Amino acid sequence: MVSRSIITSLSLAAAAAASALPRAGSACTSPAVRKEWRELTSNEKAEYLRAAVCLRKLPKEKYADIDAVTTRMDDLVYTHFTLNTEIHFVANFLPWHRWYVQLHEDLLRTECGFTGTQPYWDWSIDADAKDMPNSPLFDPVTAFGGNGKNTGSDEPGFQRCVVDGPFANTNLTLGMGWPNLNDPGNRLHCFTRAFNGGEGNDENGDLIIGDMQAGAYNSKVMDTIYAFEKFSEMANMLEGLPHAQIHSVIFGDMGPATSPNEPLFFLHHGNIDRAWAKWQGRNATRLADYTGFQDRNKAIHASINDPMPILELADTEPIVKDYMDIQAGPLCYTYSSM
Ligand SMILES: [Cu+2]
């Protein structure tokens, strides 16, 4: 155990030096810049995709007793899925996902040699262009691949798959979530998406894609969110409208609480985090504004000193107040557009 922990800390130190990110204990003088996907160079895109695939191929390090958890990404997926009601539609939604996206970025760096920073996806650009289904984020060569396609297979879980891009079905078989989320037993399935416009099915039984509910996440909606004065009002609309609609219009693996199975989850949540940071504006009042409830029954008031639940995913429970400011404490980053 001793030698193993030394090796681990050496490799962590090496990775930290390589990425040169100032972190806890030192002032955040040169924050890492998280860029919109379209702002990345071809090499930066390829590097992110490489590292994201890598993390899905590494073996798990947590949850020894849970058979459905097999890969390193499953460690993250299982945590998010199991904590579902403790981290969604409760006060800690924003700080918890801020911690989680940072943890994912750290794992890309320390375990897959990632040299970039976490990109985000400003889906308002696609919504304003009324062209969400053709977003460059779905490019089969330079990005995350497109909508799922019928495969002709009669194997449950393998009938509709993402067939192009670096996460195509040949490359990624998932052990948790879609298609039988609420049924016990085998949930092995290909990585899938099922774009939809929330308008039901056409005469062939296919989901109507339409504009994929662009009116729920265009820049007009975001401006309404930015105009709120109070954290709780801003956070409720941000989570309930654009955040939730992006999950449901992409659907497939992006739909259920196992949604970190979908690689775009981390770019989507990067953008949700950006919206919060933009609203905060590093304004002292807003950096301290944290209200709401710990539970969905609204019985226990939330406090900025609350620890956040993480199961086995990390060694120490993060405290909300350490995740309020993206340029203090354990965090040191900014966004290319704020
Ligand atoms: Cu979530």
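I take buried to mean under 20% relative accessible area. I'm working with a predicted model here.

**Entry: the copper site**

I looked up what holds the copper ion. Its protein donors are His80, His88 and His97, each through NE2, lying 2.0 Å from the ion. Along the chain, I read their spacing as H-x7-H-x8-H.

**Entry: the annotated stretch**

I checked the record next. An unreviewed UniProt entry puts the feature "domain: Tyrosinase copper-binding" at residues 88-105. In the model, I find that span to be 72% helix and 0% strand, with its end C-alpha atoms 21 Å apart.

**Entry: helix H5**

How far apart should the ends of H5 be? At 1.5 Å a residue, I expect its 20 residues, 93-112, to span 28 Å; the end C-alpha atoms are 27 Å apart, so the two agree. I also noted that 17 of the 20 residues are buried, so H5 is largely enclosed by the rest of the structure.

**Entry: Met234**

I moved on to Met234, which sits in helix H8, residues 231-250. Is Met234 buried or exposed? I find a relative accessible area of 0%, so Met234 counts as buried. What does Met234 touch, leaving aside neighbours within four places in sequence? I list Leu94, Ile225, Phe228, Trp276 and Trp279 as its contacts. I also looked at Ala275: it is 41 residues from Met234 in sequence, and their C-alpha atoms are 9.6 Å apart in space.

How values were computed
Residues numbered from 1 in each chain as written. Predicted model: local features only at pLDDT ≥ 70, side-chain atom pairs only at ≥ 80, totals over all residues. Heavy atoms only, no water. Helix = DSSP H or I, 4+ residues; strand = E, 2+ residues; numbered from the N terminus. Expected span 1.5 Å × (residues − 1). Buried < 20%, exposed > 50% of the residue type's maximum accessible area, 1.4 Å probe, protein only. Donors = N, O, S within 2.8 Å, 3.2 Å for Na, K, Ca; no water. UniProt positions renumbered as here; feature names shortened; annotations may be inferred. Contact = heavy atoms within 4.5 Å.
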